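Please look through the sequence and the model shown here, and then follow the paragraphs below, which lead from one place in the chain to the next.

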Amino acid sequence: MASLLDKGNLKVLVLGSGGREHSICWKLKQSPLLSSLHCLPGNAGIADVAECVSGISVADVPAVVAWAKANAIDFVVVGPEDPLTLGVVDELEKLGILAFGPTAAGAELEGSKAFMKDILRKANVPSATYIRTTSPADAKEYIKKTGAPIVVKASGLCAGKGVILCATEDEANQAVDDMMVNKIFKDSGNEIVIEEFLEGEEASYFAFCDGETAVPIAGAQDHKCVGDGDTGPNTGGMGAYSPAPVLTPEMEQKIMDEVMIPTVVAMKAEGKPFKGVLFAGIMIKDGKLKVLEHNVRFGDPECQVVMMRLKSDLLKLLIFSAEGRFAEMPPLEWDPRTALVVVMAAKGYPGEYKKGTPIAPLEAASACPDAQVFHAGTAKGADGGLVSNGGRVLGIAALGKDAREAKAAAYAAVAKVDWPEGFTRSDIGYRAVARLA
């Protein structure tokens, strides 16, 4: 089969509109293989590096596929999970358009937490003990038997917000009612997973997969809680850094051997071969690991720091992976420095927040040494100025020789952002910095 790598002058489409997609577009733009770069729908920052396609939702698979065909797109990179679970890769492949990401069957690893837990059990991947249930009464019986703290998860997609850590049995019972009776996550809470509460240090890990096996990419550490010191409700992520000191070379090998490769092998045995990027959320304690979750795409904001560090041609890597040519893929090249990103979110996030609040021009932040501003939720206002358009709005990333320097550089750039309606955590990277003391 002829490879896109031999063709060159490639027209590439990225699906999505967040900080993850901005960092992917920013990196793809550096590839000599690229002819033109498009992003559907994109955002105000992505528009600086790609041609944005408005008026089509990433979840409207027929419209996305029709646009890709009409515009002679050679390669599609899928950022978010929704179009993956809806089968956008399947439909593109029917038209002979190569895409990076799993089929709908493979994407079930994220689309159903219950399915994911069952796959981990079948593959003997270490994970928390659990039940899956569609009965509120059975859920509450299990909570009564097990006690608290305990974790209640909506099985379906909830934009990263479907996991509730419950300190008491009353909190857990309330979470069950909220998900299954009050339907706060709509149909995504029809089935829930209840699992043991794991303690330790959390880390993220990514691997390329070709349906048969997996090859390592990199690890990172995310900050899920909205407040300093890991307090307050869970969010999609308030910051991240890479590499993460907790992910020693020995631990990374353990993750590949005990988690990533067994998961891919189990998915093939299930008749749902997994291709694309596999994300594992890992809890590490006393040198042992347990899997918290799998995602079927690059995590956000972790993707932003991985892209900051990556020196290899991303487009070439994604095509090698999508074409299943790991044997020919060159070793990944990395900047030896640490990358750290601080998320600027709208006041009120992850609860209710305003959209459309003005953000002053970002040139001063972008001009900071070794810094890069990624847009996660921005748009152009009626006057052409920049405005907020989401909960997580900007990712201010920077490189430094270690976590302390990267943190200082990122927060120096944050200080140059004039957006009164925004806020950040002030302690991103604290675990890595503490290890340097």
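Once its neighbours within four places in sequence are set aside, S3 is in contact (heavy atoms within 4.5 Å) with I319, E323 and R325. S3 is placed in the segment before α1 (4-7), and because its relative accessibility is 8%, S3 counts as buried, a word used for under 20% relative accessible area with a 1.4 Å probe and protein chains only. A polar atom of the S3 side chain lies 2.9 Å from the backbone nitrogen of L5.

The model is a predicted one, in which local features need pLDDT of at least 70 and side-chain atom pairs count only at pLDDT 80 or more, while totals for chains, interfaces and linings use all residues. Residues are numbered from 1 along each chain as its sequence is written, and side-chain values use heavy atoms, with hydrogens and water left out.

Not counting residues up to four places away in sequence, C209 touches A214, V264, F274, K275, G276, L278, S321 and F326.

Turning to two helices, the axes (lines fitted to C-alpha atoms over the stretch in contact) of α2 (residues 19-28) and α11 (residues 302-309) come within 8 Å and cross at roughly 15 degrees. The two helices are therefore roughly parallel to each other, a term for angles under 35 degrees. In this contact, G19, R20, S23, I24, W26 and K27 of α2 meet C303, Q304, M307 and M308 of α11.

Technical notes: Axes fitted to C-alpha atoms, helices over the stretch in contact; angles between N-to-C directions. Helix = DSSP H or I, 4+ residues; strand = E, 2+ residues; numbered from the N terminus. Parallel < 35°, antiparallel > 145°, perpendicular 65-115°, else oblique. Buried < 20%, exposed > 50% of the residue type's maximum accessible area, 1.4 Å probe, protein only. Polar contact = N/O pair within 3.5 Å; in protein donor to acceptor, adjacent residues only side chain to side chain.
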